[in-house]
Amino acid sequence: MPGCVRFLRCGGLSEGLPQNEIIVQSSPTITEADMAFQRKVSTVLYRSFRNTKIQEFSIHSTTPVDPVSHCPGISRSWVRQRDWTGLGAPPLLVRHRKLPLEAHARCRFYSSQLASLMETDPPEETWQALVEEEYRYRPFTDDSSVRILTLEPGVGDEQLIGSLTIETLDSSPSYEAISYVWGPEGRFSSMLCNGKCLPLTRSLQYALQRVRHPTLRRRLWADQICINQGDIAERGQQVSLMNAIYKGAKHILVWLGPDEDGVGNEAVRMIHYLHDVFGDDEKHEAFRSAHSEDLLQQDQELWVPFSKLTKLQWFNRIWIVQEIGTTAPATLYWGDAEVDWEVLASVAGTLNQHYHFLRTRFVVLTPNIFYLYQRFVEPEEDYDETHNRGSFIFELHRARHLLAKDPRDHVYAFLGHFSIRKGSGALRELKADYSRSIDDIFYDVAVRDLTGAQSLLLLSAQHEEISVSKRKAMGERTLPSWVPDWRLKPLHLLVSPYSPHRATGETRPKLRIDKTSRRLHIRGLRIDTVATRSFTFFGKAFQFRHTRVDKLPIETIWERMYGDEAFNLERRYPNGDTAFFALVQTLTNASVGADRSRTYEDIPKTEWLANGAAYLVRAGGTLEMSPDVRALAPGGNAFKWSHEATLVSRYRRFGVTEGGLYVMGPGLMEIGDVIVVLYGGRVPFVIRPRKGEDGDEVDGWTLVGECYVHGYMNGEALERDDIEEEEFCIV
């Protein structure tokens with residue numbers, strides 16, 4: 001029974017299974033010999049785990065395994081938690097239970113050894129050896145070595161057998177890297193590695209079985225096997241090599257998981273069909289026509305398999321960004337189906353850039369796929385932090401939608417990204433250390449980034465959780481209000497590294513950080529105070545509806561300001577623009593992301609105005625439009641305005657200041673909040689005076705978040721003579 005005991009120790013109690021359940025095996029009938037044998041098993045378990053949190057066991061026997069099982073003549077038992085307090089040895093059998101059985105490939109390896117053990121009473125040293133026979137990792141002796149798994153050939157559910165060798169990346173070893181999802185389970189499976197038992201998660205077991213060659217050995221790298229996950233120091237050291245490991249692989253093998261609904265091949269056929277259509281101008285034009293104006297007439301069922309593929313968990317795991325984001329060729333496996341990564345990424349890119357409403361209607365989640373493509377490939381041309389992928393903070397923000405089992409990985413997964421060399425020099429010294437607390441790491445990143453910072457993108461990336469229930473579930477925030485919590489889902493940033501916004505012109509940040517109190521002292525100008533604010537926009541506020549609505553959100557905002565007055569070009573905004581133009585620009589962040597095929601400054605303002613008018617006409621609201629507004633609509637793009645407004649406004653509020661300025665601010669913006677521009681910041685910010693328990697204002701401010709203020713996005717605040725520079729202490 002050595003294999004069973006090894007499996008228990010590797011993948012059982014130490015993984016913290018629900019109800020502390022782990023698998024053991026015993027004979028199908030209970031005899032005196034069996035009871036003595038099971039007492040031995042209990043003793044080994046007790047000795048193995050007496051220094052862990054779990055210290056109690058009892059064994060329950062079951063009926064024989066079905067003949068179709070791989071374990072003939074052996075039954076399954078369960079070890080369950082039982083109070084051993086005060087006992088010097090584990091109890092014997094307490095009762096019998098019948099439990100459902102299932103086959104396990106590993107049992108075939110163990111069962112041949114069971115009979116001989118059952119016939120004898122092994123000495124104490126033999127039982128101690130059972131615990132010692134799990135695979136033991138040999139530590140690395142340098143910082144450039146990795147382990148490579150040589151997987152033996154096999155088919156189906158045959159026992160996985162392989163061996164690990166230590167090799168240096170400096171020698172450019174030949175191997176393929178596996179990318180997969182660990183999953184929530186513990187290590188319930190195992191393989192034979194160098195003649196020893198090595199525990200695996202089921203997901204990796206299935207991945208290895210899928211990519212295993214039937215007749216040839218395959219050299220592979222998989223983090224779960226090739227990194228000693230129990231050694232925190234080694235995990236941190238190997239994290240620094242992850243980018244080099246995947247970049248140096250000759251092929252990336254992506255396991256998306258089992259195709260439980262049997263739609264994988266249909267999804268792949270759709271991907272290849274779209275790839276063919278998008279590569280042919282004539283076919284593409286016909287497709288565009290059918291899936292824009294006639295979108296509602298298209299068969300939704302045809303898109304279901306592809307939709308299911310885009311929802312797979314693999315596309316949402318944070319470590320895959322660097323695993324798939326290199327130039328190494330990759331193949332994705334979903335059950336029996338497979339597709340080339342370049343083909344899928346190309347299709348996702350076209351859908352993402354040109355078919356927003358198609359993706360929404362058919363729930364095709366291509367943004368996550370498009371985001372991943374070559375994310376870790378450094379630009380060939382010269383670049384700095386203003387490049388699309390040249391800002392480390394922007395990369396952390398863009399990855400917020402991805403899932404991390406350990407929150408520290410929201411930072412550590414990007415330590416190999418090239419952008420870390422372009423920002424603050426202090427960022428380059430950041431090392432993965434899993435012994436540090438989450439708050440400590442997030443605070444450290446913020447301090448390092450702001451040390452010598454050229455911009456305040458970090459402050460734009462800071463926002464609070466909008467949902468009250470989620471805020472309660474997360475508990476009280478312990479980070480300073482100016483430090484981003486990278487665990488929070490991302491909002492669309494109003495400013496990006498390449499944004500045309502320049503709220504404080506070309507100024508540099510004027511700041512200092514008090515590391516004792518963790519307060520940020522930063523200088524800037526106070527613009528105005530929030531006088532009114534709207535409801536929070538959720539989801540699809542500015543998308544077109546299938547059915548007519550009584551009032552559009554844009555109409556509600558206009559009416560609250562100007563009553564039942566028609567949309568017109570007569571009413572003026574404080575800076576001289578028409579109020580209608582100021583409104584449509586505020587709701588879309590000035591449409592800075594609407595058309596990247598042209599330089600923003602080269603696009604006439606009348607185009608953005610026409611897009612807003614076209615939206616009003618197509619959305620079919622109830623509020624009147626003046627003839628001059630309606631006349632603009634034919635020259636505008638309603639879909640482009642709708643897309644930008646939906647993206648920008650989600651989880652934000654529209655507000656008006658005491659001076660009549662339009663604001664698109666955070667979802668938590670309140671009346672009385674203050675609008676400021678901070679030196680080095682490309683956008684204004686909303687801050688809130690702190691109050692004590694008695695309601696009186698106390699020293700310091702809380703950062704609420706970034707905002708758009710129409711007429712103050714291009715250095716206008718610096719030209720005012722009636723406001724003076726201040727230092728704001730952000731707590």
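**Where H9 meets H10**

Guide: In this predicted model, Tyr-273, Leu-274, Asp-276, Val-277 and Phe-278 of H9 meet Lys-283, His-284 and Phe-287 of H10. Contact means heavy atoms within 4.5 Å; helices are DSSP runs (H or I, at least four residues), numbered from the N terminus.

Visitor: What makes H9 roughly perpendicular to H10?

Guide: H9 (residues 264–278) and H10 (residues 281–290) pack at about 110 degrees, axes 6 Å apart. Roughly perpendicular covers 65 to 115 degrees, so H9 gets that label against H10. The axes are lines fitted to C-alpha atoms over the stretch in contact, and angles run from 0 to 180 degrees between N-to-C directions.

Visitor: Which classes of residue are in the contact of H9 with H10?

Guide: Five nonpolar, one polar and two charged. Ala, Val, Leu, Ile, Met, Phe, Trp, Tyr, Cys and Pro count as nonpolar, Asp, Glu, Lys and Arg as charged, the others, Gly among them, as polar.

Visitor: What does Phe-306 contact, leaving aside neighbours within four places in sequence?

Guide: Its partners include Ala-267, Met-270, Ile-271 and Leu-274.

Visitor: How do you know where pLDDT is under 50?

Guide: pLDDT is the predictor's confidence in each residue, from 0 to 100. It stays under 50 over residues 1–31 and over residues 126–132. The chain's mean is 83, with 80% of residues at 70 or more.

Guide: Housekeeping: local features need pLDDT of at least 70, side-chain atom pairs count only at 80 or more, and totals for chains, interfaces and linings use all residues. Residues are numbered from 1 along each chain as its sequence is written, and side-chain values use heavy atoms, leaving out hydrogens and water.

Conventions. Helices (H or I, at least four residues) and strands (E, at least two) are DSSP runs, numbered from the N terminus. Angles under 35 degrees count as roughly parallel, over 145 as roughly antiparallel, 65 to 115 as roughly perpendicular and the rest as oblique.
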